[in-house]
Amino acid sequence: MTDQFVALDIEATAMDPARGEIVEVALVVFDEQGERERFSSLVRPRARLSLDIATLTGIDPAELGAAPAWPEVAPTVRRLVAGRGIVGQSVAYDLGMVEAAGVLLPNRVYDTYQLATLLLHDLPAYTLGGIAVALGETPEPGHRALADALTTSRVFRRLLERIDAFDPATLELLAATTRTGGMAEADLFARAAARRPTGPLFAVGDGASGPHEMAFLTPRERPESLRLTGAKGGIEPTRVAAAFAPDGPLSRTVDGYERRPQQEQMSLAVTRTLGRDERLLVEAGTGTGKSLAYLLPAALHAIAKGETVVVSTNTLALQDQLYRKDLPDLRDALGGGEAASPFAAAVVKGRSNYLCLRQWFAWLRQPLLDPAEARLKAKILAWLGQTETGDRAELRLAPDEEFAWRHVAEEEGRCVASRCVFQQRNQCFLYRARRRAEAAHLVIVNHALLLSDVMAGSRILPEYEHLVVDEAHHLEDQATNQFGYAVAERDLEEFAGSVLRRDGAVLGGSLATIAAFLGRAAGDDA
Ligand code: SF4
């Protein structure tokens with residue numbers, strides 16, 4: 001295969017290739033060393049450019065009148081793509097436009113979006129700009145075709161470097177899984193594997209389970225649990241008020257911070273409640289800034305006492321938002337950065353959110369048959385050496401890959417932790433999350449897990465004295481789900497019928513009455 005690639009980007013009058021016309025095309029030829037050639041041209045369409053597209057791209061419709069028509073530009077496009085792999089961000093759209101304009105492209109095609117979802121984890125957005133920033137590249141400004149093609153070429157080169165960083169055994173596995181997953185990017189892994197030295201000296205792992213299994217058999221240190229400090233009394237309200245002051249620490253760490261009297265009022269109420277071991281019910285309207293209003297006093301209280309405060313919210317997404325957005329701001333406000341602050345926080349989710357290492361290594365040895373399962377295997381292979389949490393929220397999974405996650409997620413009943421070598425060596429992601437919680441001042445959970453802990457006799461979460469329930473209006477429904485059970489009328493009828501049959505001659509008494517009642521009720525429903 002060729003070592004040269006061409007980044008392609010198109011601007012068009014519409015998103016649908018059947019209706020749209022190309023108004024700008026850019027191609028950047030590059031190899032691993034850098035750019036080799038570039039071409040960009042406006043293209044005169046037959047239809048007028050819509051205001052939306054003109055505003056988005058900054059293309060002046062007046063300029064298009066003097067631009068060459070597509071038949072004049074097409075030969076250059078053909079020359080530049082000939083024999084080269086085409087690279088683009090969500091490139092199916094660009095290819096569709098070019099092919100609809102009569103230039104067929106039998107080339108190999110590589111999509112930076114697909115590659116980024118495989119190689120980069122936990123990005124806030126997998127846009128071209130977001131991927132570029134995550135890779136340390138500055139995106140070219142504007143939405144013009146050349147700017148995007150240049151950024152795409154640099155992003156792709158960085159992604160190739162990421163591929164080259166894998167060991168040979170992992171590259172072989174990535175090539176096999178992405179090939180079965182129907183990804184054209186499989187070539188890139190095979191190419192990187194082929195360039196590695198071969199022979200016994202360079203072989204890593206046994207090829208069946210890959211090198212990672214050995215890495216996860218090394219014992220990992222356990223964090224020390226929190227220790228009570230013995231401090232008496234509550235947090236001084238003046239400390240909390242000072243944190244919310246216009247020139248206070250939160251104003252320096254929270255983007256767009258503005259003082260909100262209700263936020264401060266709520267925070268002081270939470271402070272008093274924690275100090276007096278009381279209960280508090282707060283209804284906070286939109287825009288109150290309730291998260292920081294309870295997180296700040298809860299963190300100060302937990303640090304002073306050396307104890308854990310549990311914060312429960314309704315969904316996994318809200319858990320992640322608290323953990324990734326609000327807690328870093330709070331951490332900076334409390335101590336000026338991770339190293340300086342004695343503050344520790346942890347997030348704990350239900351067991352099916354974590355990769356089970358025992359299930360994973362068993363599944364990895366199974367033959368590759370299903371494309372979605374193969375793609376999920378590829379994503380996990382690329383992620384496993386980097387993740388600290390094993391939390392699937394870090395992966396960008398398509399719906400069919402989400403469905404395949406069940407192969408590697410632990411489920412109640414299948415895990416025998418006391419006999420699991422990964423748990424014994426503190427490598428199991430689920431148990432590591434729970435151990436991190438034992439060392440954390442704030443533990444962020446969701447309502448379902450909070451209630452599961454109650455059901456499990458407090459065996460999931462660390463001991464805690466204080467609990468903040470955010471989005472508390474959802475707690476009742478969650479409790480109904482967890483503690484309730486549903487029985488259909490038909491089930492009761494069948495049950496009563498089976499008892500009667502077992503007793504044979506019993507035709508009277510309560511059971512017969514219940515069976516007759518259920519029979520009538522079923523008749524009424526019919
Ligand atoms: S302890 Fe349970 S969840 Fe963890 S790796 Fe072992 S089997 Fe999987």
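I'm working on a predicted model here.

**H8 and H9**

I looked up this pair first. Helix H8 covers residues 168-180 and helix H9 covers 186-194; their axes cross at roughly 155° and come within 8 Å. Angles over 145 degrees count as roughly antiparallel, so I put H8 and H9 down as roughly antiparallel to each other. On the H8 side I listed Leu 171, Glu 172, Leu 174, Ala 175, Thr 178 and Arg 179, which meet Ala 186, Phe 189, Ala 190, Ala 192 and Ala 193 of H9. Sorted by class, I get 8 nonpolar, 1 polar and 2 charged residues in this contact.

**H11 and H13**

Next I checked helix H11 (residues 237-244) against helix H13 (residues 261-276): the angle is about 155° and the axes are 10 Å apart. That makes H11 roughly antiparallel to H13. This crossing I noted as right-handed. H11 brings Pro 237, Val 240, Ala 241 and Phe 244 to the contact, and among the H13 residues there I see Gln 263, Glu 264 and Leu 268. The classes come to 5 nonpolar, 3 polar and 1 charged.

**Largest pocket**

Which residues lie nearest the centre of the largest pocket? I found Leu 280, Leu 281, Leu 467, Val 468 and Val 469, out of 23 lining residues. The pocket holds about 720 Å³ of space. H13 turns up again, giving two or more residues to the lining, as do helix H14 (290-305) and strand S9 (466-469). I count the lining as 12 nonpolar, 3 polar and 8 charged.

Key:
Residues are numbered from 1 along each chain as its sequence is written. This is a predicted model: local features need pLDDT of at least 70, side-chain atom pairs count only at pLDDT 80 or more; totals for chains, interfaces and linings use all residues. Side-chain values use heavy atoms; hydrogens and water are left out. Axes are lines fitted to C-alpha atoms, for helices over the stretch in contact, and angles run from 0 to 180 degrees between N-to-C directions. Helices (H or I, at least four residues) and strands (E, at least two) are DSSP runs, numbered from the N terminus. Angles under 35 degrees count as roughly parallel, over 145 as roughly antiparallel, 65 to 115 as roughly perpendicular and the rest as oblique. A crossing is left-handed if the near helix is turned anticlockwise from the far one by less than a right angle, and right-handed if clockwise. Contact means heavy atoms within 4.5 Å. Ala, Val, Leu, Ile, Met, Phe, Trp, Tyr, Cys and Pro count as nonpolar, Asp, Glu, Lys and Arg as charged, and the others, Gly among them, as polar. On a 1 Å grid over the protein atoms alone, a cavity is a set of points where a 1.4 Å probe fits but cannot get out, and a pocket is an open set with protein on both sides within 12 Å along at least five of seven lines; lining residues have an atom within 4 Å of a point. Grid points are joined across faces, edges and corners, and a volume is the space filled by probe spheres set on the points.
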